[in-house]
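Please look over the sequence and the structure before reading the points below.

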Amino acid sequence: MTTAPLPIPTPPAAPTPAAAPRPAPAVLPSDPTAAVRPYQDYVYAYPHKTAYRPLPGRPALREIWRAEPKDALALYLHIPFCEVRCGFCNLFTRVGAPGDLTTRYLDALDRQAAAVRDALGDEQPVRFAAAAFGGGTPTFLEAAELERLCDIAEHRMGAPLGTVPLSVEASPATATADRLAVLAARGATRISLGVQSFAEDEARAAVRPQRRADVEAALGRIRATGVPVLNIDLIYGIDGQTPASWRASLDAALAWEPEELYLYPLYVRPLTGLSGRTAVDDPAWDAQRLALYRQGRDHLLERGYTQTSMRMFRRAGAAAQGPDDHACQTDGMIGLGCGARSYTAGLHYSFDYAVGMPQVRAIIDDYTATRDFSTARHGRRIDADEARRRHLLQSLLQAEGLATAEYRARFGTEPQADFPAALAAFAARGWLDEAAAPDRLRLGPEGLAHSDAVGPALFSAKVRADMAAYETR
Ligand code: SF4
C-alpha cells in the first residue's frame with residue numbers, strides 16, 4: 001500500500017479459504033438516500049489486474065511503445081518477497097525466498113530490463129522522471145542485492161537515480177542500517193515504512209505481529225539516513241482498535257514528524273489471512289472505520305498536515321522529494337518484475353496475477369525461468385472510454401480534484417457530459433465540492449471519506465464484469 005503496507009515477524013498460520021469469485025464492485029444507487037457501503041474497493045489503479053486477461057498474440061513491446069511519448073516515464077521495480085504474509089494483504093508477494101531465489105529473480109529482472117530498454121528504442125528521447133521500488137518488501141533484499149537493483153534501474157534502464165524522486169517501501173525488520181545506507185547513497189528520496197499499528201495487540205490481530213520497540217528502532221534508523229521524506233503507513237478498523245488506541249498510534253507516528261502519513265482502512269479480501277476470521281459485510285465495522293477515518297483526518301489536519309487524498313496526508317512545509325514531472329493520468333510507466341504493471345496510453349500489461357501462495361510461487365518461478373521478455377503477456381486494452389474513466393478516477397480521488405480544462409484539452413469533451421449519471425449521484429449525496437466548479441471537479445470532505453465507493457462507481461460495465469468473472473486464486 002502507499003503503494004503498500006509492509007511486514008515483520010512470524011504470524012500464526014493463516015487459514016486457506018477455498019477460491020471464490022471476487023464480488024462485483026457495486027454501482028452507486030441513484031436514490032441518494034439509499035445506503036452505500038463506504039469500503040468497496042481501494043482504487044489505486046484502474047483497471048484492476050483482475051480485469052487483465054492473456055493478450056492474444058503477445059504483442060511486441062517495441063510495437064507497444066513505438067508511438068508513446070517517453071520523455072517523462074515512471075519506473076517501478078517490484079520485489080515480490082516478504083518475511084511474513086500480513087493478514088490483510090492481497091498484493092502479489094510470497095513469504096521468504098528459498099535457496100538462491102532472490103539471485104535468480106534479480107537475474108530475470110536484469111534480463112527484462114535489457115529487453116524493455118531495447119524495446120523503448122533511441123529514436124525519441126527516453127527519460128525517466130520518477131522511480132520506485134515496491135513490493136512485497138524491497139528491503140527484503142540484502143544490501144548487495146539492493147545495489148544490484150539500483151544498478152538495474154540506473155545503468156540498464158537509464159533512470160538517473162540521485163536526480164529524480166526514488167521511493168522505496170520497507171518493513172521494520174528489514175530496514176537494517178546497511179540496506180538503508182545503500183538506498184540513501186543511491187539517491188532514495190522517500191522511505192515508506194509499513195507500521196500499521198504501534199499497539200502490539202492490534203498488530204497481532206492484523207496478522208502482522210511486531211514489537212513496538214523494533215518499530216521505533218527502524219524509524220530511528222530511517223531518520224538517521226537523512227532521506228528527506230519518511231512515510232508511515234497506519235491501518236484503522238483492526239479488531240479491538242478503539243478511538244483511544246487509534247489516537248495513540250497516530251501520536252506515536254507524529255512523534256517522528258513524518259513528512260507523509262498514509263491512513264488505510266482495513267480490508268478483508270479473499271484468500272488473505274483475515275478472510276476466514278472477520279465479517280466483511282458488517283455495517284458496524286463500516287461505521288467504526290468511518291469514525292476512525294474522521295478522527296484520524298481531523299487529528300492530522302489539526303497537527304498541520306494537509307490531505308492529499310483519502311489516505312494520504314502531507315506535513316505542511318515538508319521537504320519535497322525533488323523534481324517530479326511525471327503525471328500519472330497521462331504519462332507512461334515501465335514496471336519491471338513479475339508483479340509490476342506497465343502503462344501506455346492504449347495498453348496496460350503485466351504478468352499473471354494471484355493471491356494464493358502456490359499460484360504466486362508458480363508465477364515467480366515462471367518469471368525467473370523466462371528468457372524472452374520482448375512481449376506483453378497479460379493486460380487490457382484501454383479504449384477512449386476507459387482512458388476518460390481512468391483520467392477522471394485518478395484525478396477525482398486526489399484532494400485537488402480534476403482540472404476541467406485539462407480534461408477538455410485531452411479529450412475534447414466535458415466530464416459532466418461523459419459521466420452524467422455518476423457525477424449527478426455524487427452531487428446528490430453532497431460528495432462534490434460545488435465551490436470548486438467550474439474550473440475543478442473536486443470531492444468535498446464527505447466525498448473524500450467515501451473515495452472507496454466513488455472509485456468503483458466509475459468503473460465501466462465491462463471492467464466490472466471482468467473483475468466479477470475473475471476467479472480468485
Ligand atoms: S505481506 Fe508484504 S506486501 Fe503485503 S502488506 Fe505485508 S509486508 Fe506489505
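Predicted model: local features only at pLDDT ≥ 70, side-chain atom pairs only at ≥ 80, totals over all residues.

Residues are numbered from 1 along each chain as its sequence is written.

**Domains**

- The domain assignment of the protein chain gives domain 1 (49-315) and domain 2 (384-466); such bounds come from an automatic or database domain assignment.
- Taken over C-alpha atoms, the centres of domain 1 and domain 2 are separated by 26 Å.
- Eight residues of domain 1 are in contact with eight residues of domain 2, where contact means that the C-beta atoms of two residues, placed from the backbone, lie within 7 Å.
- On the side of domain 1 that touches domain 2, the largest share, three residues, comes from helix α8 (residues 283-302). Helices (H or I, at least four residues) and strands (E, at least two) are DSSP runs, numbered from the N terminus.
- The residues on that side of domain 1 divide into four nonpolar, three polar and one charged. Here Ala, Val, Leu, Ile, Met, Phe, Trp, Tyr, Cys and Pro count as nonpolar, Asp, Glu, Lys and Arg as charged, and the others, Gly among them, as polar.

**Nonpolar core**

- The largest nonpolar core has 133 residues, and L75, A131 and A153 touch the most other members. A nonpolar core is a set of buried Ala, Val, Leu, Ile, Met, Phe, Trp, Tyr and Cys residues joined through C-beta atoms within 7 Å.
- Helix α2 (residues 101-120) gives the largest share of this core, seven residues.
- Domain 1 (49-315) and domain 2 (384-466) both give residues to this core, so the core lies between them.
- L75 touches F128, A131, A153, M157, A159 and I334, not counting residues up to four places away in sequence.
- In soluble globular proteins, nonpolar side chains tend to be buried together.

- Strand β7 (residues 190-196) is mostly covered, as seven of its seven residues are buried. A residue is buried if 20 or more other C-beta atoms lie within 10 Å of its own, exposed if 12 or fewer, and partly exposed in between, with C-beta atoms placed from the backbone.
- In a regular strand the side chains alternate between the two faces of the sheet.
- R190, S192, G194 and Q196 point one way from β7, while I191, L193 and V195 point the other way, and all are buried.
- Strand β6 (residues 166-170) runs parallel to β7 and is joined to it by four bridges; two strands pair if DSSP finds at least two bridges between them.
- S167 stands opposite R190 in β7.
- From β6 the chain crosses through helix α4 (residues 177-185) to β7, and this β-α-β crossover is right-handed. That is, with the strands pointing away from the viewer, the path from the first strand over the helix to the second runs clockwise.
- β7 is also joined by six bridges to strand β8 (residues 229-236), and the two run parallel.
- D233 in β8 is the bridge partner of G194.

**Strands β1, β14 and β15**

- β1 pairs with strand β15 (residues 378-381) in the antiparallel sense over two bridges, and the bridge partner of R53 in β15 is G379.
- Strand β14 (residues 347-350) is joined to β15 by four bridges, and these strands run antiparallel.
- S350 stands opposite H378 in β15.

- Most residues other than glycine have a negative phi, and most peptide bonds are trans.
- Y46 and P47 are joined by a cis peptide bond with an omega of about -5°, and P47 is found in the segment before β1 (53-54).
- A cis peptide bond also joins A437 and P438, with an omega of about 5°; P438 lies in the loop between α13 (420-428) and β17 (440-441).
- Q196 is not a glycine but has a positive phi of about 75°. Q196 is found in strand β7 and is buried, with 28 other C-beta atoms within 10 Å.
- E257, also not a glycine, has a positive phi of about 45°. E257 is in the loop between α7 (243-254) and β9 (260-265) and is exposed, because 12 other C-beta atoms lie within 10 Å.
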